[in-house]
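Subject: A structure for you to look through

Dear colleague,

Please find the structure below, and keep it open beside you while you read the notes that follow.

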Amino acid sequence: MSKAISYLDWALGFKSTEDEDPIIVRPKNNKKFNSIGIAEDYFKDYIKKWKTENLV
């Protein structure tokens, strides 16, 4: 009788090198980033847009 393999081992059998996560490249300019890695200017603009669309 063969030993059952775990789901993780089974799933890794289908993974190829092309499935790896993409490398995140940050711009080299001197923008300030917040704790979640988004530029502060972009994040503030997004929040303002979200407020006008959802809280009006």
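Helices (H or I, at least four residues) and strands (E, at least two) are DSSP runs, numbered from the N terminus, and the expected span of a helix is 1.5 Å times one less than its number of residues. This is a predicted model, in which local features need pLDDT of at least 70 and side-chain atom pairs count only at pLDDT 80 or more, while totals for chains, interfaces and linings use all residues. Residues are numbered from 1 along each chain as its sequence is written, and side-chain values use heavy atoms, with hydrogens and water left out.

The chain has two helices and zero strands. Helix 2, which runs over residues 40-54 and so has 15 residues by the DSSP definition, reaches 21 Å from its first C-alpha to its last, close to the 21 Å expected at 1.5 Å a residue.

Buried means under 20% relative accessible area, exposed over 50%, and partly exposed in between (1.4 Å probe, protein chains only). Of the 56 residues in the chain, 2% are buried, and helix 2 is hardly covered, since the count of buried residues among its 15 residues is zero.

Phe-14, in the loop between helix 1 (7-12) and helix 2, counts as exposed because its relative accessibility is 58%.

Accessible areas come from the Shrake-Rupley method with a 1.4 Å probe, and for residues only the protein chains shown count as cover. The accessible surface of the chain comes to about 6100 Å², of which 57% belongs to carbon and sulfur atoms.

Best wishes
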